[in-house]
Amino acid sequence: MKSLRFWAVVLLLAGTVVLLHSRPNIDRNPPSEPLSQFPNLVAGWVGSDQEIDQETRDVLGTGDFLARLYTQGPKMAPVSLFIGYFPSQRTGQTIHSPKHCLPGAGWVFESSDAVDLIDANGKRHRVGEYVIANGESKQFVIYWYQAHGRSVASEYAAKIYMVADAMRLNRTDGALVRVITPIAPGEDLTAARKRAEAFTGQLAPLVPRFVPD
């Protein structure tokens, strides 16, 4: 089964490269605001920008990136936000999955799931939820791929949609949105999940200003 999925992904990626190189080289993207203008205040959470070092930027490639830590008082655990928006994925550069990046940083996945999350405006988003661990440290992660008003949890589905949108709309732009909060020693997992989901529910309606529908 793993071998079949591997070759399916290889064929999908190969087909994507051939298709995108056969299409016009310039994506037709609607205007959007730079991620540097993303609100520092989200429903009472106050954000402070985190530096993205040059080595990380070299791995990420060409795009617009935001790394920010949001806090809500000294007794509430923080929430970190990362958004990576790629205006084009025609050159073979694609969005990096957290499933690949986080293990490279020493984190292992203890659990994973895909769920529907309803944001503050009542819109449904399909997101991935994970518990990751690095030694004694644990974190709760929410992430999704967003493009053209669509939210998906699967990197494979995101690539399929990208190919379809390249043909229909001449657009290959898209983004990864990732929210992480630590699970404090002795803290119940449900509390960390509720904290991350509550923040994400307020965050999600703001994203289309920076990741165009």
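The residues that line the largest cavity of this predicted model divide into eight nonpolar, six polar and five charged. That cavity has a volume of about 210 Å³, and the structure holds one cavity of 30 Å³ or more. Of the 19 lining residues, those closest to the centre of the cavity are Gln89, Ile95, Ala158, Lys159 and Met162. Two or more lining residues come from each of β7 (137-147), β8 (150-152), α4 (155-169) and β9 (174-183), and α4 gives the largest share, with six residues.

Aromatic rings are a second topic, for the structure holds eight aromatic pairs, including the two set out here.

| Pair | Distance between ring centres | Angle between planes | Arrangement |
|---|---|---|---|
| Tyr70 and Phe199 | 5.1 Å | 50 degrees | tilted |
| Phe109 and Tyr130 | 5.0 Å | 80 degrees | edge-to-face |

Because Tyr70 lies in strand β3 (residues 64-71) and Phe199 in helix α5 (residues 189-203), their pair ties together parts that are 129 residues apart in sequence; both Tyr70 and Phe199 are buried. The other pair joins two strands, with Phe109 in β5 (residues 108-118) and Tyr130 in β6 (residues 124-134), and so ties together parts that are 21 residues apart in sequence. Phe109, at 30% relative accessibility, counts as partly exposed, whereas Tyr130, at 7% relative accessibility, counts as buried. Ring pairs also link Phe109 and Tyr130 with Tyr143 and Tyr145 into a cluster.

A ring may also face a charge: the charged end of Arg150 sits over the ring of Tyr161, at 4.0 Å from the centre of that ring.

Notes. Residues are numbered from 1 along each chain as its sequence is written. This is a predicted model: local features need pLDDT of at least 70, side-chain atom pairs count only at pLDDT 80 or more; totals for chains, interfaces and linings use all residues. Side-chain values use heavy atoms; hydrogens and water are left out. On a 1 Å grid over the protein atoms alone, a cavity is a set of points where a 1.4 Å probe fits but cannot get out, and a pocket is an open set with protein on both sides within 12 Å along at least five of seven lines; lining residues have an atom within 4 Å of a point. Grid points are joined across faces, edges and corners, and a volume is the space filled by probe spheres set on the points. Helices (H or I, at least four residues) and strands (E, at least two) are DSSP runs, numbered from the N terminus. Ala, Val, Leu, Ile, Met, Phe, Trp, Tyr, Cys and Pro count as nonpolar, Asp, Glu, Lys and Arg as charged, and the others, Gly among them, as polar. Rings of Phe, Tyr and Trp (its six-membered ring) pair if their centres lie within 6.5 Å; planes under 30 degrees apart count as stacked, over 60 as edge-to-face and the rest as tilted. Buried means under 20% relative accessible area, exposed over 50%, partly exposed in between (1.4 Å probe, protein chains only). A charge sits over a ring if NZ of Lys or CZ of Arg is within 6 Å of the ring centre and within 35 degrees of the ring normal.
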